[in-house]
There are 2 protein chains.
Amino acid sequence: MDSKRQQIIGSLSERINSGRLKPGERLGSESELMAEFGVSRMTVHHAMRELEARGFLERRKGSGSYVAPARPYVAIYPHLDIRAEIEAAGGVHRARVLVQALELAAPPLAQGFGLGADAPLFHAVVLHLSGEVPVEIEDRWLNPALLPECMSVDLTRETLFGLLMARRPFRAGDERIRACTASDEEAAVLGLEQGAVCLEITRRTRSDEGVVTQVRLLRPGTSHLEGRIAPAARD
Amino acid sequence: MDSKRQQIIGSLSERINSGRLKPGERLGSESELMAEFGVSRMTVHHAMRELEARGFLERRKGSGSYVAPARPYVAIYPHLDIRAEIEAAGGVHRARVLVQALELAAPPLAQGFGLGADAPLFHAVVLHLSGEVPVEIEDRWLNPALLPECMSVDLTRETLFGLLMARRPFRAGDERIRACTASDEEAAVLGLEQGAVCLEITRRTRSDEGVVTQVRLLRPGTSHLEGRIAPAARD
DNA sequence: GATTCCATCTTGTATATACAGATCTGCGAC
DNA sequence: GTCGCAGATCTGTATATACAAGATGGAATC
């Protein structure tokens, strides 16, 4: 037996999902619904608050409750640790460290990190393989303050992604996907023929203090990304 | 001046975000927090309920409230109407309809739509242009029951995406992105040279009754997708 | 020592009351 | 007709109370 609150939530959300209540339409007031469902106002109030939090309703003090406008759809792609991704596919993760250094970055890059032009950034280029098969080139810049042990980490045993996840000092970021052709050097590293088609993913993650890390992932065009589609969340 | 509830929410979420309270750790009971913040139990209760809904806490009846495990990050790509996308970039949307027909689809395709092998599917192939510049080939299959007017729609004036959004009869779906080379025919339509690099997006959206629509979008490799990164939502 | 049972602690639900604050409506003055 | 104000309506917040029901730990029992 559902609680009264759950019954109200179920009843109202069903009316919205079925289209009987349309976006923008006004629901009855808490007092009216209180009479309709035979419960106290606070019970209606809590039910509607929850529906508001879930994105079904918009409530305006002094005015009433309205069905929220339909939300656009989005595609959601999980950020997986390349190590876990390879192991989930039945492979064995291996890595070759091509670069692991503290470098003075070009001014625009350093600026994004909120650091002076003379502050070194941590730079790593790692080739990830499933067994002997190249899967991805990871080219990452990182604020060394966030990962003090960055120069002593054995990147063949731990991924920077995994280490950063454990710290998770960022709130938001942006990502960009495009198709491109590998440079000769990249093709050689990935074991592809010259000019092969690749998928390039560029991520930049930010905290309140500035950019945390910036990474360019290059995968052979034969690989693909899989995501799911869902209505956009609120906020 | 924030409400007491907001103060409690802010205080507790700050402790979690800063790492002073770690995932799995138990918070004080409602009674303890009630004393700490100098408010009634119900005020604490409502604040913690909201933190639970937002994914900060897990609450267990009879046991207590615990900091929720850290959520993985995801990249979120909005589904935009190609028309709006082109106009937002300052272009003028134009479309060339290459196919607009009811066709008997191959069995695996028809099966996915929950229709018999002898039931026709609506098939459309539309080239979208910004002015004179090809932007995207849209190759879509659609259950005609969901868009009865599909054969009479002027696809140069309306997009199938827009029409489906107005109906929005689906709850979920999946999407796949990969890099590929255009076929000779596709390259000709998109005005690219043979074997040009392209970005291919395949979407399949489902309702309770089965597949609603399936679409393959092909864009020149020079274009890219832009998304944002955020912690995964609950559910 | 292992098990059972109970007292206690914890969160969940429902209700009533009181007041605050935003919004809306209609009436009256001009 | 227009403007402004007063009152009614509606949601927001805070509190107190009461009881339900899951979880836990320790004492009593076997």
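**Entry 1: the two chains**

I started with the interface: 35 residues of chain A are in contact with 35 residues of chain B, contact being C-beta atoms, placed from the backbone, within 7 Å. I am working from a predicted model, where local features need pLDDT of at least 70, side-chain atom pairs count only at pLDDT 80 or more, and totals for chains, interfaces and linings use all residues. Residues are numbered from 1 along each chain as its sequence is written, while chains are lettered from A and ligands numbered from 1 in the order in which they are written.

Which elements give two or more residues to the side of chain A that touches chain B? I found β3 (73-78), β7, β8 and β10 (224-231) of chain A. My element names follow DSSP runs numbered from the N terminus: helices are H or I with at least four residues, strands are E with at least two. β7(A) gives the most to this side, with 10 residues. By class, I noted 20 nonpolar, seven polar and eight charged residues on the side of chain A that touches chain B. Here Ala, Val, Leu, Ile, Met, Phe, Trp, Tyr, Cys and Pro count as nonpolar, Asp, Glu, Lys and Arg as charged, and the others, Gly among them, as polar.

**Entry 2: the core**

Next I looked up the largest nonpolar core, which has 22 residues. Such a core is a set of buried Ala, Val, Leu, Ile, Met, Phe, Trp, Tyr and Cys residues joined through C-beta atoms within 7 Å. Buried takes 20 or more other C-beta atoms within 10 Å of a residue's own, exposed 12 or fewer, and partly exposed is in between, with C-beta atoms placed from the backbone. The residues with the most contacts inside the core are Ala179, Cys198 and Leu199 of chain A and Ala179, Cys198 and Leu199 of chain B. At least two core residues come from each of β7 (172-181), β8 (197-207) and β9 (210-220) of chain A, and from each of β7 (172-181), β8 (197-207) and β9 (210-220) of chain B.

Neighbours within four places in sequence aside, Ala179(A) is in contact with Val197(A) and Leu199(A), and across in chain B with Ala179(B), Val197(B), Cys198(B), Leu199(B) and Gly221(B).

**Entry 3: helices in chain B**

α1(B) (residues 4-17) and α3(B) (residues 41-53) pack at about 50° with axes 9 Å apart. That makes α1(B) oblique to α3(B). Axes are lines fitted to C-alpha atoms, for helices over the stretch in contact, and angles run from 0 to 180 degrees between N-to-C directions. Under 35 degrees is roughly parallel, over 145 roughly antiparallel, 65 to 115 roughly perpendicular, and the rest oblique. On the α1(B) side the contact uses Lys4(B), Arg5(B), Ile8(B), Ile9(B), Leu12(B) and Ser13(B), which meet Thr43(B), Val44(B), His46(B), Ala47(B), Glu50(B) and Leu51(B) of α3(B). I sorted the residues of this contact into six nonpolar, three polar and three charged.

How does α2(B) sit against α3(B), parallel or perpendicular? The axes of α2(B) (residues 30-37) and α3(B) come within 8 Å and cross at roughly 110°, which makes α2(B) roughly perpendicular to α3(B). From α2(B), Glu30(B), Ser31(B), Leu33(B), Met34(B) and Phe37(B) meet Arg41(B), Val44(B), His45(B) and Met48(B) in α3(B). This contact divides into five nonpolar, two polar and two charged residues.

**Entry 4: chain A helices**

I checked α1(A) (residues 4-17) against α3(A) (residues 41-53): the axes come within 9 Å and cross at roughly 50°. The pair is therefore oblique, and the crossing is right-handed.

**Entry 5: single residues**

Glu186(B) is in helix α7 (residues 184-190) of chain B. With 19 C-beta neighbours inside 10 Å, Glu186(B) counts as partly exposed. Beyond four places in sequence, I see Glu186(B) in contact with Ile137(B) and Leu218(B). Ile137(B) is 49 residues from Glu186(B) in sequence and 8.1 Å away, C-alpha to C-alpha.

Pro23(B) lies in the loop between α1 and α2 of chain B. Pro23(B) is partly exposed, with 13 other C-beta atoms within 10 Å. Leaving out residues up to four places away, Pro23(B) touches Val67(B), Ala68(B), Pro69(B) and Ala70(B).

Terms used
Two residues are in contact if their C-beta atoms, placed from the backbone, lie within 7 Å. A crossing is left-handed if the near helix is turned anticlockwise from the far one by less than a right angle, and right-handed if clockwise.
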